[in-house]
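Look through the structure below before reading on.

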Amino acid sequence: PLDSHWRDASTRLRKDDSDERKREVARIYLKACHSTGLEVVAITDHNFAESPEISFIKYLQEENDNVAKECHRDPLYIFPGFELEADVGKGCHLLCIFPSETPLNVVDSRLTSLELPPDKRYNGELTKPSTVQMKHVLKVVQRDLNYTGIIIAPHPTNAKGIFDNDRISEWLQKEEYKYIKLLCLEIHKPIEKMSRGWQSLLLCNEECQDEWKRERPPACVMSSDCYRLYKDNAEDSNYIGYQYTWIKMSRPSVESLRQAFLDWESRIRFGPNCPDEQFQYPKIRSILVRDASFLRRAERINW
């Protein structure tokens with residue numbers, strides 16, 4: 001709601017809105033997440049905010065526990081972060097996500113170290129691009145030992161995505177896509193529903209052309225990239241919970257995301273139903289003890 005791309009007029013926020021108004025919208029936002037069943041979210045406003053004090057993430061974090069109690073659910077796990085435009089061709093967007101415990105001033109400092117200090121992030125409501133190349137962004141976000149983050153390349157085939165032919169030359173697309181430190185891409189539908197060409201590219205199978213083949217296939221996730229709270233009509237998209245991904249994690253963390261991205265075949269699923277509900281496995285319901293010297297007759301123990 002504090003991002004310039006937000007399209008829901010009733011919850012659109014301005015920087016000079018009161019704390020009470022921002023807190024109210026944060027509560028509405030959290031309730032929308034709970035109503036659609038989300039458990040983990042990443043908040044990646046374009047260029048974060050002018051300062052940590054006015055970041056929408058601050059209000060979400062402060063209201064998270066109270067809203068969860070009202071909804072009779074566990075609090076959301078919130079990854080803080082930002083979306084920036086890296087210096088790739090004419091610009092390529094990257095989502096930078098950090099551990100939930102990361103102080104917002106640290107998130108802010110990471111963006112500053114990527115040549116986007118507070119006074120150079122915006123031109124009015126328009127965000128300014130970074131002058132840093134993608135490989136350096138990956139290094140700053142993913143290799144810092146303090147609050148190590150992770151990066152996802154969003155909307156790769158749309159405007160300012162890694163495969164945007166109008167903005168990035170094909171030779172540069174190949175180079176950036178094949179970089180082994182880029183672990184994950186956001187996609188708009190499951191891979192099995194894509195064309196044969198896209199499947200071969202993303203799965204790096206035998207049909208993939210050698211000049212495009214990665215050392216390791218990238219993980220793919222779907223997300224809402226939400227611009228509004230709820231679906232108002234049949235043609236609406238990009239509302240909270242519009243698209244989502246099931247990720248197997250012992251507990252939510254950036255490290256769990258990294259492990260899932262490296263082992264996506266067993267840890268990432270799409271579809272309306274939780275994968276846990278589809279598992280079938282044997283259960284021991286009882287044990288029968290007989291012919292034992294300490295028992296006169298057989299005895300069944302039911303669990």
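Which residues of helix 5 are buried? In this predicted model, local features need pLDDT of at least 70 and side-chain atom pairs pLDDT 80 or more, while totals for chains, interfaces and linings use all residues. Residues are numbered from 1 along each chain as its sequence is written, and side-chain values use heavy atoms, without hydrogens and water. Helix 5 covers residues 170-177, and its buried residues are Leu172, Gln173, Lys174, Glu176 and Tyr177. Buried means under 20% relative accessible area, exposed over 50%, and partly exposed in between, with a 1.4 Å probe and protein chains only. These buried residues pack against helix 4 (134-142), strand 7 (184-186) and helix 6 (196-203); contact here means heavy atoms within 4.5 Å.

The protein as a whole has 8 helices and 12 strands. Both are DSSP runs numbered from the N terminus: helices are H or I with at least four residues, strands E with at least two. Of the 303 residues, 45% count as buried. Of the contacts with a separation of 6 or more, 62% join residues 24 or more positions apart. The C-alpha atoms fill a box of roughly 85 × 55 × 45 Å along the principal axes.

The protein exposes about 17200 Å², and carbon and sulfur atoms supply 46% of that area. Accessible areas come from the Shrake-Rupley method with a 1.4 Å probe; for residues, only the protein chains shown count as cover. Trp303 lies in the segment after strand 12 (299-302). Trp303 counts as exposed because its relative accessible area is 66%.
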